[in-house]
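This briefing is meant for someone meeting the structure for the first time.

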Amino acid sequence: MRATVLVRPKGGILDPQGEAVERSLRQLGFEVGEARVGRVIDLEVDASSADEARSQLERMCENLLANPLIESYEIELEEHSA
Amino acid sequence: MTERRPRVAVLVFPGSNDDRDAAWALSAVGADPQLVWHAEPKLPRVDGVVLPGGFSYGDYLRCGAIARFAPVMEGVADFAADGGPVLGICNGFQILCEAGLLPGVLRPNQSLSFVCRDVPLVVERADTPFTARCELGETLTIPVKHGEGWYHPPDDFPEEQIVLRYAPGENPNGSERDIAGVVNADGNVMGLMPHPEHAVDPLLGSGDGGLILASLVDAARERSYSRAS
């Protein structure tokens with residue numbers, strides 16, 4: 001099953017990378033609001049159901065993919081893989 | 001009588017690059033350092049552990065995030081739980097945080113730039129195994145060199161776990177509350193971003209880092225005597 005994990009700096013956590021991106025975009029003439037920079041992890045999960053895949057992915061996020069102190073995560077599953 | 005040289009492990013991860021400096025410096029202040037490869041299933045019999053600086057596992061994902069799963073880390077956790085002194089320097093600090101042996105996390109510097117310079121540090125606690133040779137309130141000069149040293153403590157992180165602070169106006173990375181070094185609640189695990197192993201000889205700018213390493217060596221020696229008796 002294909003999955004995508006989105007990891008973002010938590011709300012309220014200062015994100016200097018996002019601020020730098022925002023400043024650069026403005027210099028290019030784009031009128032953007034707040035930018036935040038996170039990361040995307042695409043992976044293949046071996047699971048027999050979407051529920052099982054989701055619970056595995058949650059454990060992956062809690063144990064490795066995100067640091068819960070400063071990052072939040074979001075899991076997207078490509079469920080139509082029959 | 002010559003004092004016993006306690007054995008202190010210096011862990012070596014793929015990408016560690018201050019392991020030999022740490023071993024050299026520990027030896028200069030009276031330890032018998034032993035380099036220990038990260039894949040060792042067990043921590044050898046030692047009385048102190050140092051996690052050195054570097055870029056373990058290329059800093060992939062987050063600094064220290066992968067290194068904490070190294071086989072030897074289980075032995076380090078047991079050693080720490082048994083009260084043994086564990087010191088993490090720079091990348092070692094990042095690893096200890098990711099491993100949950102220290103609270104908080106280290107983030108990319110607020111400036112987004114790598115910093116490499118001597119910084120003045122204020123000793124906030126002189127009663128830990130890592131600062132016993134320092135005076136409370138003393139200023140130490142020790143170099144930093146890192147891209148990810150902005151310490152972000154958990155909410156309500158207690159003041160008494162702050163051991164070293166960057167002197168006023170000298171914070172090189174945006175660390176909250178100017179924190180440069182912290183200990184765990186039990187006081188036997190410490191992490192700091194500055195590199196004491198690069199400051200053990202006045203010829204190289206400062207000998208102040210020697211106070212921290214020598215304090216650790218004292219603690220390790222004491223542990224080796226109590227283990228022997």
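Two strands are counted as paired if DSSP finds at least two bridges between them. In this predicted model, A:Leu6 stands opposite A:Glu74, a residue of strand S3 of chain A.

**The sheet of chain A**
- Strands S1 and S3 of chain A run antiparallel and are joined by eight bridges.
- Strand S1 of chain A, which covers residues 2-9, is also joined to S2 of chain A, here by six bridges, and these two strands again run antiparallel.
- Within S2 of chain A, A:Asp42 is the bridge partner of A:Thr4.
- Taken together, the three strands of chain A form an open sheet with antiparallel pairing, in the order S2-S1-S3.
- S2 and S3 (71-78) of chain A stand at the edges with a single partner strand each, so one side of each has no neighbour in the sheet.
- On average, and with direction ignored, neighbouring strands of this sheet are turned by 20° against each other.

**Helix and cover**
- Helix H2 of chain A, residues 50-65, packs on the sheet and touches S1, S2 and S3 of chain A, while its direction makes about 155° with that of S3.
- Strand S2 of chain A (residues 39-44) is hardly covered, since the count of buried residues among its six residues is zero.

**Where the two chains meet**
- Seven residues of chain A are in contact with nine residues of chain B.
- On the side of chain B that touches chain A, the residues divide into five nonpolar, two polar and two charged.

Technical notes
Residues are numbered from 1 along each chain as its sequence is written. Chains are lettered from A and ligands numbered from 1 in the order in which they are written. This is a predicted model: local features need pLDDT of at least 70, side-chain atom pairs count only at pLDDT 80 or more; totals for chains, interfaces and linings use all residues. Two residues are in contact if their C-beta atoms, placed from the backbone, lie within 7 Å. Ala, Val, Leu, Ile, Met, Phe, Trp, Tyr, Cys and Pro count as nonpolar, Asp, Glu, Lys and Arg as charged, and the others, Gly among them, as polar. A residue is buried if 20 or more other C-beta atoms lie within 10 Å of its own, exposed if 12 or fewer, and partly exposed in between; C-beta atoms are placed from the backbone. Helices (H or I, at least four residues) and strands (E, at least two) are DSSP runs, numbered from the N terminus. Axes are lines fitted to C-alpha atoms, for helices over the stretch in contact, and angles run from 0 to 180 degrees between N-to-C directions.
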